[in-house]
Amino acid sequence: MVVVVLFFLFRAIFASFVPAAPDTYTVPKLVGMTEEQANEQASVADGTFQVVVAGTEASDAAVGEIVRQDPEPDREEG
């Protein structure tokens, strides 16, 4: 019993001195979706990422379809 308590006490005291590993997330692929569809993606809906419409450009894509994104999909962001 004493050993277990000391172990947890040791972890509680010294854990504050160890820097936490940064959270990293994979950027979702949103190209080809509408803004509404992009906002429904799990990593966008939970607030990890945010969709910001930065403008419009000429394209063969359907009106309202995302044709470019930054950062690029599948990158690790922290």
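## Arg-75 and its salt bridge

Arg-75 is partly exposed, at 41% relative accessibility; partly exposed denotes the range between buried (under 20% relative accessible area) and exposed (over 50%), with a 1.4 Å probe and protein chains only. Its side chain meets that of Glu-77 in a salt bridge, with an N to O distance of 2.8 Å. A salt bridge here requires a side-chain nitrogen of Lys or Arg within 4 Å of a carboxyl oxygen of Asp or Glu. Glu-77 is likewise partly exposed, with a relative accessible area of 24%.

This is a predicted model, in which local features need pLDDT of at least 70 and side-chain atom pairs count only at pLDDT 80 or more, while totals for chains, interfaces and linings use all residues. Residues are numbered from 1 along each chain as its sequence is written, and side-chain values use heavy atoms, leaving out hydrogens and water.

Helices (H or I, at least four residues) and strands (E, at least two) are DSSP runs numbered from the N terminus.

Arg-68 is exposed, at a relative accessible area of 58%, whereas Glu-57 is partly exposed, at 43%. Side chains of opposite charge can pair when their charged atoms come close.

Ser-43 belongs to helix H3 and is buried, with a relative accessible area of 19%. Leaving aside residues up to four places away in sequence, Ser-43 touches Pro-28, Thr-48 and Phe-49; a contact means heavy atoms within 4.5 Å.

## Fold and surface

The protein chain contains three helices and two strands, arranged α-β-α-α-β from the N terminus on. Among its contacts between residues at least 6 apart in sequence, 65% join residues at least 24 apart.

Of the 78 residues of the chain, 13% count as buried. The accessible surface comes to about 6,600 Å², of which 59% belongs to carbon and sulfur atoms; areas were computed by the Shrake-Rupley method with a 1.4 Å probe, and for residues only the protein chains shown count as cover.

## Confidence

The mean pLDDT (the predictor's confidence in each residue, from 0 to 100) of the protein chain is 81, and 72% of its residues reach 70 or more. Confidence is highest in helix H2 (residues 35–40), at a mean of 93, and lowest in helix H1 (residues 2–14), at 53. Where pLDDT is low, the predicted coordinates should not be read in detail.
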